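I opened this model to look up its ligand sites and a few backbone elements. My notes follow in the order I made them.

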Amino acid sequence: MAIALRFAATPPRLAAPIPPTSAPRAHGGVARVGAQGGTRCGRRLAMAAADSARCRAKREGDGDGVLAGVAVHGGTGAEGEDQLSVVMKFGGSSVSSAARMKEVAGLIQAFPEERPVVVLSAMGKTTNLLLLAGEKAVGCGVTRVSEIEEWNKLRDLHIKTVDELGLPRSVIHAKLDELEQLLKGVAMMKELTLRSTDYLVSFGECMSTRVFAAYLNQIGVKARQCDAFDIGFITTDDFGNAEILEATYPAVAKRLHGDWIRDPAIPVVTGFLGKGWKSGAVTTLGRGGSDLTATTIGKALGLREIQVWKDVDGVLTCDPNIYPNARTVPYLTFDEAAELAYFGAQVLHPQSMRPAREGDIPVRVKNSYNPKAPGTLIAKGRDMDKVVLTSIVLKSNVTMLDIVSTRMLGQFGFLAKVFSIFEDLGISVDCVATSEVSISVSLDPSKIWSRELIQQELDHVVEELEKIAFVHLLQQRAIVSLIGNVRKSSLILEKAFHVLRRIGVNVQMISQGASKVNMSLIVHDSEAKQCVEALHQAFFEGDDDGDDCLMAEFDEENLRLEL
Ligand SMILES: Nc1ncnc2c1ncn2[C@@H]1O[C@H](COP(=O)(O)OP(=O)(O)O)[C@@H](O)[C@H]1O
Ligand SMILES: N[C@@H](CC(=O)OP(=O)(O)O)C(=O)O
């Protein structure tokens, strides 16, 4: 049987690669925009340095900030019709069905004064379905691809959505055909590389945006579908976890603004995707990466606000799946939000705060199921005077290593040796605690695609470390991170340990940075949920202080009484 293999397991190059304007950094998230001090206007002009549009901006001579004709928000509040004003990002949960897409379109129509850039994730759990379909395709044989349950599910979901929205199926057919060919290609090659995995999962966002843009047009809201990899999102070639490069900012600004000026239509941009600068192939920004797409666009265009619409009333005091009494946190700083995300609060992508902080663009986390709820506003600063604890984050299934060396006493270079082993094996470390003769670390279980550290990797790391130290491997641990006011750390720890002692839980490791807003406690996995509940009750429910219970304000007197 002949198979039209239009897309082999190795996807095609998209276009000639565009080199980054600076070398990619080895670690971390979004590459920093270079020397940019000064005003917003100055920063944006710097971003557009290589851009011919910059000259136009100068010619027009808007002292309050004009980039290539974009009147940026220099605090005057004077927004022209000729500029995009906000980003509205809708996650998979917000666009999981035709009904949800209608709701989201309604939200966009409800703010006619806004000229949003819309960023969409894949519908519902499409990304997971694509990953599973790809894995199954590797082993199922070409003729059985059509039987893969996940492929059928996601195809049916998209066809049903298009039908229910009253759109022609042609909106989605080409992409579905390509996807089927790709799965057949994977089945034929019996191989799914990281590169082809990224190409495979990109279909989720490519389809949701096509459907949604078509729907907006149908209801009279002029919209334009945009693939992020075609509008200037340039990344490293780290498939599965690519970093956005600096060249992205001027490229995206130029493209989105240019399109808007030429023919105003709401851009509907694929979240989560980019283009590798060397390979020219589609890359992804790590799970939940659409938040990062949104903040990158916000910074690139210098927009007034970045809205991230979820299925919860904002950032909550803890994961509502762990403890349903979680409450909304009304205000957060970029640092607090980043810390929350780093330590595993699923609600925001760990790197997403960086562009917002650099561009000083406020991020509003809102609930698309409950738009009246005020949500969470994340900005540069907030009044921390009354803030004690902001949120509790739990990361489960963590592995801990106790590394003991008698040779560490008075020695130098031991820590360097330990960490070079982790570096060589590509394992990242979450928390660290050291003493004269020992070091305890917790290992990040979520490497690429949330794959957990497999036993073989752990055995390898232990084997290497045993060459220089005694090693104890402790599995099934959990990190309970207390995100709060570092200036009240003693108060937080005092109360936390009081609570933990009361429920009979022993903390196995503690880690707190010098000026960081989080304190991490490692406990046994089996006790972790109970810890979160008890801590939440003590910090957020115990004292009804009339201040949204969020500041967990409790005075010394109260504490003494409790003790
Ligand atoms: N501290 C927290 N605050 C809010 N939501 C949280 C928190 N921790 C975990 N979550 C989970 O994150 C989910 C929202 O994030 P996500 O699934 O990425 O949304 P979306 O798909 O809309 O982008 C919520 O449904 C909630 O279950
Ligand atoms: N669809 C991608 C990207 C994303 O950001 O999704 P969401 O916004 O639904 O978390 C994922 O599932 O990882």
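**Ground rules.** I am working from a predicted model, where local features need pLDDT of at least 70, side-chain atom pairs count only at pLDDT 80 or more, and totals for chains, interfaces and linings use all residues. Residues are numbered from 1 along each chain as its sequence is written, chains are lettered from A and ligands numbered from 1 in the order in which they are written, and side-chain values use heavy atoms, with hydrogens and water left out.

**Ligand 1.** I listed the shell, taking a residue as near if one of its heavy atoms lies within 4 Å of the molecule. It holds 17 residues, and the closest are Lys89, Ser93, Asp311, Leu316 and Asn321. By class I get seven nonpolar, six polar and four charged. Here Ala, Val, Leu, Ile, Met, Phe, Trp, Tyr, Cys and Pro count as nonpolar, Asp, Glu, Lys and Arg as charged, and the others, Gly among them, as polar.

Next I checked N and O distances. An N or O atom in the Ser93 side chain is 2.8 Å from an oxygen atom of ligand 1. For the Lys89 side chain the distance to a ligand 1 oxygen is 3.0 Å. Gly92 uses a backbone N or O atom, 3.4 Å from an oxygen of ligand 1. Alone, ligand 1 exposes 570 Å², and the protein buries 86% of that. Accessible areas come from the Shrake-Rupley method with a 1.4 Å probe; for residues, only the protein chains shown count as cover.

**Ligand 2.** Which residues surround ligand 2? I find Lys89, Gly91, Gly92, Ser121, Ala122, Thr127, Glu205, Phe272, Arg287, Gly288, Gly289 and Ser290. Two are nonpolar, seven polar and three charged. A polar side-chain atom of Glu205 lies 2.7 Å from a nitrogen atom of ligand 2. The Ser121 side chain places an N or O atom 2.7 Å from a ligand 2 oxygen. A polar backbone atom of Gly92 is 2.8 Å from an oxygen of ligand 2.

**Helix H9.** Helices (H or I, at least four residues) and strands (E, at least two) are DSSP runs, numbered from the N terminus. H9 covers residues 290–301. Is H9 enclosed or open to the outside? Twelve of its twelve residues are buried, so H9 is largely enclosed by the rest of the structure. Buried means under 20% relative accessible area, exposed over 50%, partly exposed in between (1.4 Å probe, protein chains only). After H9 comes Gly302, with a positive phi near 60°.

**Strands.** I count two strands as paired if DSSP finds at least two bridges between them. E6, E8 and E9 form an open, mixed sheet in the order E6-E8-E9. E6 (234–235) and E9 (282–284) are at the edges with a single partner strand each, so one side of each has no neighbour in the sheet. E8 (residues 273–276) pairs with E9 in the antiparallel sense over three bridges. Gly274 has Thr283 in E9 as its bridge partner.

E15 (residues 429–434) and E16 (residues 438–443) are antiparallel, over four bridges. They form a hairpin with three residues between them. The bridge partner of Ala433 is Ser440 in E16.

**Asp227.** I found Asp227 in the loop between E5 (223–226) and E6. Asp227 counts as buried, at 8% relative accessibility. A 2.8 Å polar contact joins its side chain to that of Gln225. A polar contact is a pair of N or O atoms within 3.5 Å; within protein, one must be able to donate a hydrogen and the other to accept it, and residues adjacent in sequence count only if both atoms are side-chain atoms.

How values were computed
The expected span of a helix is 1.5 Å times one less than its number of residues.
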